[in-house]
Amino acid sequence: MLQTAFQAVSRRISQRMAIPLRSQTVNFSASTGSCSSVNAEEVAKFAAASHEWWNPKGQFSVLHLMNPVRMKYIRDMFLRYTPAGGADAKVDLARPLEGKKVLDVGCGGGLLCESLRRLGASVTGIDASSENVSMATHHASLDPMLKDDLTYRSITVENLLEEVGASHFDMVCSLEVIEHVSNQDIFVQNCMDLVKPELLAVFSTINRTPTSYLLTILLAEHVFRWIPPGTHDHSAYVTPSELESFVRAAENSPHHPPNCSLDIADTRGIAYLPLENKWQVLDSSTVSTGFPLGGDLEVNYIMTVVKRPFKESDTKLVEADSESSTRAQQSESLAGL
């Protein structure tokens with residue numbers, strides 16, 4: 001009954017909203033030359049709240065609750081889709097990212113970075129807000145176990161790419177960030193450019209649906225006041241198909257290796273369980289049970305993208321197709337003589 005009520009309210013919201021939610025077009029940026037991911041208004045908003053990052057009952061309490069399930073997902077995806085988790089690999093399950101270079105784009109106060117470091121990774125966290133970086137650096141300094149191989153910088157992803165070059169990291173994460181940046185397509189492209197071949201990136205964000213408006217803005221911001229009003233802009237939310245199109249477009253980047261493809265390896269919803277006060281990454285079995293608060297991909301979702309080198313068989317197939325196409329064109333030309 002609760003799920004039916006949510007669906008009914010969502011339909012009413014969809015009918016009243018001025019912008020069609022499912023049919024919005026995405027304007028891709030033409031060039032990376034002068035494209036900045038910085039949305040100054042968004043940066044200022046989070047800078048003003050930087051003191052709240054490590055308050056588990058404060059403005060970022062939702063991220064504190066989400067962090068454990070996101071971390072399990074990241075660990076599982078890394079071991080499933082990279083050579084580190086291969087059949088012959090010896091993995092320390094307590095520190096499965098040992099020695100891996102991981103970048104967290106839009107790190108905020110460092111919630112994800114500290115967790116990644118505890119799994120063994122050498123972590124770089126970047127954020128456009130110097131206030132966020134200062135808070136993250138201060139909090140990490142309180143734990144002697146985090147003093148090595150955890151670096152925070154106030155720099156944009158595009159400037160970092162210029163500085164370190166492409167294919168620099170074993171994994172790039174950007175969680176709950178893309179909806180707060182400008183030039184979202186170029187932002188995703190820059191993130192993917194920084195990933196080494198055979199390795200991966202993980203993005204999470206909020207889908208642009210009537211249900212997401214109901215839950216993340218109407219209820220979360222204006223009714224229950226879990227987060228300050230104005231935290232989210234529904235028009236900036238990204239649908240899974242749009243995010244996938246950003247990934248596909250990133251294959252045209254001048255930094256993209258010609259022998260690699262960008263494969264969407266996994267996409268799952270993340271749903272809140274109010275009776276248990278926790279979040280859960282969904283799979284086919286949990287989706288089938290019907291989550292009233294944003295099940296499936298209706299609200300929050302997480303996506304894994306693998307920069308996969310072509311196999312020799314793939315290359316031969318492409319070459320064979322090319323030769324076949326050339327012969328066909330030659331035959332058509334001769335037939336016209």
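Is Cys 35 buried or exposed in this structure? At 16% relative accessibility, Cys 35 counts as buried, where buried means under 20% relative accessible area, exposed means over 50% and partly exposed lies in between (1.4 Å probe, protein chains only). The model is a predicted one, in which local features need pLDDT of at least 70 and side-chain atom pairs count only at pLDDT 80 or more, while totals for chains, interfaces and linings use all residues. Residues are numbered from 1 along each chain as its sequence is written, and side-chain values use heavy atoms, with hydrogens and water left out.

A disulfide is a covalent bond between the sulfur atoms of two cysteines. With a disulfide taken as a pair of cysteine sulfur atoms within 2.5 Å, a search of the whole structure returned zero disulfides. The cysteine sulfur closest to that of Cys 191 belongs to Cys 173, and the separation of 9.8 Å is too far for a bond. Cys 191 is buried, at 0% relative accessibility. Met 192 is likewise buried, with a relative accessible area of 1%, and is found in helix H7 (residues 184-193); helices (H or I, at least four residues) and strands (E, at least two) are DSSP runs numbered from the N terminus. Between Met 192 and Val 305 the C-alpha to C-alpha distance is 8.4 Å, although 113 residues separate the two in sequence.

Aromatic contacts were examined next. Rings of Phe, Tyr and Trp (its six-membered ring) pair if their centres lie within 6.5 Å, and planes under 30 degrees apart count as stacked, over 60 as edge-to-face and the rest as tilted. Four aromatic pairs were found in a search of the whole structure. One of them joins Trp 53 and Phe 60, whose ring centres are 3.8 Å apart and whose planes stand at 0 degrees, so the pair is stacked. Both Trp 53 and Phe 60 are buried. Phe 224 and Trp 226 also form a stacked pair, with 4.8 Å from centre to centre and 15 degrees between the planes.

Phe 224 is partly exposed at 46% relative accessibility, and Trp 226 is partly exposed at 47%. Together with Leu 218 and Val 223, Phe 224 and Trp 226 make a nonpolar surface patch of about 390 Å². Patches are made of residues with over 30% relative accessible area and no salt bridge, like charges being joined within 9 Å and nonpolar side chains (Val, Leu, Ile, Met, Phe, Trp, Tyr) within 5 Å; accessible areas come from the Shrake-Rupley method with a 1.4 Å probe, and for residues only the protein chains shown count as cover. Leu 218 lies in helix H8 (residues 210-223) and is partly exposed, with a relative accessible area of 33%. Arg 225, placed in the loop between H8 and helix H9 (240-250), is exposed at 54%. Phi of Arg 225 is near 55 degrees, a positive value in a residue other than glycine.

A positive phi near 55 degrees also occurs at Glu 176, again a residue other than glycine. Glu 176 lies in the loop between strand S4 (169-175) and H7 and is buried at 11% relative accessibility. A salt bridge is a side-chain nitrogen of Lys or Arg within 4 Å of a carboxyl oxygen of Asp or Glu, and by this rule the count comes to 15. Glu 176 and Arg 70 meet in a salt bridge at 3.8 Å, N to O. This pair links distant parts of the chain, 106 residues apart, with Arg 70 in helix H3 (residues 61-81). Arg 70, like Glu 176, is buried.

Arg 75 and Asp 76 form another salt bridge, with the closest N and O atoms 3.1 Å apart. Arg 75 is partly exposed at 27%, as is Asp 76 at 23%. Lys 72, Arg 75 and Asp 76 are linked in a network of salt bridges. In the salt bridge between Asp 143 and Arg 118, the closest N and O atoms are 2.5 Å apart. Arg 118 is partly exposed, with a relative accessible area of 42%.
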